[in-house]
Amino acid sequence: MSSWRIVLFCIMYIQQVFGDVKYTTGYLNQSVILKSGADGSRNLTKVQWSIYPNTTFIAALKDGEVTIYKFWRYSGRLELNNRTGDLTIKNLTMTDGITYTVIWLSSNDTRERVDIHLTVQERLKEPKIQKTLDSLKDGQCHIALNCNAFNQNVNLSWTPDREFNGSYISGNAVDSSLVIFMSFSGNRNVTVNCTASSGQQTETKQMKVGCSELQKQKCEECTVCGSSSSGCSCSSSVIGAMVLTILAVLLLLAAYKWREKIHDFIQKHRGCLDSGGDEGKARRDQMEQDTKSTKTSAA
């Protein structure tokens, strides 16, 4: 036998013994399908699914008959497709995130082994959008929205629809929430999207917002009467609140960024403040003694 045939034989043997390694992701409390790698055209005569290095069998197929082994960890949660050899795991738990091995044999004596590493993750929750400010003044609509991701460790982003032709600004996410300030002309509605992303997962919440003529009339009545009727959001107060909110956010971000330097400054000058207090107390005590001495001399 020539050397190249020996090398080819060794490669084929290693592939059959160790197999390919595939990676797939499932989500907590949902189902996942682990692919055997055999297409539906093959006539499978034998399929074996196992876990752990000691080859603990969990499901098998032989001559068209499916067997689900009684293993407490997967009780009532496994299904085996007798045509493709694919294994379905239902109601995933975090402990299901391990490596699974499948070996299948077809009627034409084709044998293959596949190792599948399953990663189980929690699916992202859909973010929530809340309107915090809105005003219609001089044909200009001003709106502030807050997107909340429920304390999930995610990246948040705002994107108006393509038809949007106004202006908007959004800062950095703080405590899993992100604010957007929008301004656009006309009495119309626009659509905005807040997207939460983590790794390969994304969840998007869409909301249609706008300012109505009724809102404008209420604001005009509020301005003329000098009252603050329920549901009235006048332009001056809204814009002022928006400016104050932006300033507050900027101050918080600056304080967080320079927190270590602020702490060092306080620690550095604490000694000076304490010593200054001691010197003042000493001067007051000296003045009291001088006063007593003066009264004694006068007497």
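A disulfide is here a pair of cysteine sulfur atoms within 2.5 Å. In this predicted model, two disulfides are counted by that rule. When the bonded cysteines of the protein are numbered in sequence order, they pair as 1-4 and 2-3. The two links are described in turn below.

**Cys 141 and Cys 211**

- Cys 141 and Cys 211 form a disulfide, with an S to S distance of 2.0 Å.
- The two cysteines come from distant parts of the chain, 70 residues apart. Cys 141 belongs to strand 11 (residues 140-148), whereas Cys 211 sits in the loop between strand 16 (201-210) and helix 2 (213-225).
- The link of Cys 141 and Cys 211 is right-handed, with 70 degrees about the S-S bond.
- As to accessibility, Cys 141 is buried, and Cys 211 is buried as well.

**Cys 147 and Cys 194**

- A disulfide also joins Cys 147 to Cys 194, and its S to S distance is 1.9 Å.
- Because Cys 147 lies in strand 11 and Cys 194 in strand 15 (residues 189-198), this pair ties together parts that are 47 residues apart in sequence.
- The link of Cys 147 and Cys 194 is left-handed, at -85 degrees about the S-S bond.
- Cys 147 and Cys 194 are both buried.

**Strand 11 in both links**

- Strand 11 contributes Cys 141 to the disulfide with Cys 211, and strand 11 also holds Cys 147, the partner of Cys 194.

Key:
Residues are numbered from 1 along each chain as its sequence is written. This is a predicted model: local features need pLDDT of at least 70, side-chain atom pairs count only at pLDDT 80 or more; totals for chains, interfaces and linings use all residues. Side-chain values use heavy atoms; hydrogens and water are left out. Helices (H or I, at least four residues) and strands (E, at least two) are DSSP runs, numbered from the N terminus. Buried means under 20% relative accessible area, exposed over 50%, partly exposed in between (1.4 Å probe, protein chains only).
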